[in-house]
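Biologist: I'd like to go through this model and ask where the labels come from. Can you put it up for us?

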Amino acid sequence: MELVPHDSVLLGSWLSDHGLDARSQHAYMKSGWLTRITKGVYKMKGATPSLMAIISSYNTQLDKHCIVGAFTALQLRGYAHYLPMGKPKAYLFTDRKNKLPSWIVNGDWDMSVKYMTTSFLGEGLLGVESLTIEQFDLLVSSPERAILECLYLPESASSLLDVYYIMEGLTTLRPKLVQTLLESCTSLKVKRLFLYMAEKANHPWYKALDSERVSLGTSRLMISPTGKYISKYNMTIPKELAEYE
């Protein structure tokens, strides 16, 4: 109880490593000190773990790397363009080798889980930073990585103008990190949209990028089935984005 914040979840394997075997875990549950969430997962008496607390516990107790990214990372850092209606969404990312367990993905938490397994920015933690939120240590995408993740989301095509509103506020991105992320990125759609938006926003850091070192491919991309064709980036984008000033 002294090792972790009160609203953490406690994973059975971690409890065993700290001297509380399965029989003892069951005894503490029967006595009311622990409440079972699912097999091998508990919370302390009176605790109400948030999703961020759960992700922190999962990472720290099992040495995992679940990343809080995309719009959620930007909101945590104060870059949200507007507050979403209804239950907030938590955009979570892991690589394909380390998928989140179903009890996290499908649980009824204080945030709706939007989970993706992908390595489109490489296998490591490039552009991921440690952030402490209400006592809980989290792996959170930097603004440079988070905006790329926003563009990667399947639903991004229908909300590109919203992403661009956020891009307009990203005036202090670090060009060296942006450059490295773009060179590591495997998504042509993400790279072309990012460079288009950065150029459109006319940020000072954009001028420090070397786009010649970023492979953009040659195929035409239909980001939107109808819209405006941008010849420099060989893609068709929504008309409202192209005409927004």
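**Labels and their cut-offs**

Biologist: Why is Tyr164 called buried?

Modeller: Tyr164 has 3% relative accessibility, and buried means under 20% relative accessible area, exposed over 50%, and partly exposed in between (1.4 Å probe, protein chains only). So Tyr164 counts as buried. Bear in mind that this is a predicted model, where local features need pLDDT of at least 70, side-chain atom pairs count only at pLDDT 80 or more, and totals for chains, interfaces and linings use all residues. Residues are numbered from 1 along each chain as its sequence is written, and side-chain values use heavy atoms, with hydrogens and water left out.

Biologist: And what makes Tyr244 partly exposed?

Modeller: Its relative accessible area is 25%, so Tyr244 is partly exposed. Lys43 gets that label too, because its relative accessible area is 23%.

Biologist: Where is Lys43 found, and in which strand?

Modeller: Lys43 is in strand E3, residues 41-44. Strands (E, at least two residues) and helices (H or I, at least four) are DSSP runs, numbered from the N terminus. Leaving aside neighbours within four places in sequence, Lys43 is in contact (heavy atoms within 4.5 Å) with Ser8, Trp33, Leu34, Thr35, Ile37 and Pro49.

Biologist: Back to the tyrosines. Why is the pair of Tyr164 and Tyr244 called edge-to-face?

Modeller: Rings of Phe, Tyr and Trp (its six-membered ring) pair if their centres lie within 6.5 Å; planes under 30 degrees apart are stacked, over 60 edge-to-face, and the rest tilted. By this rule there are seven aromatic pairs. For Tyr164 and Tyr244 the ring centres are 5.7 Å apart and the planes stand at 75 degrees, so the pair is edge-to-face. Tyr164 sits in helix H7 (residues 160-169) and Tyr244 in the segment after helix H10 (239-243), so the pair ties together parts 80 residues apart in sequence.
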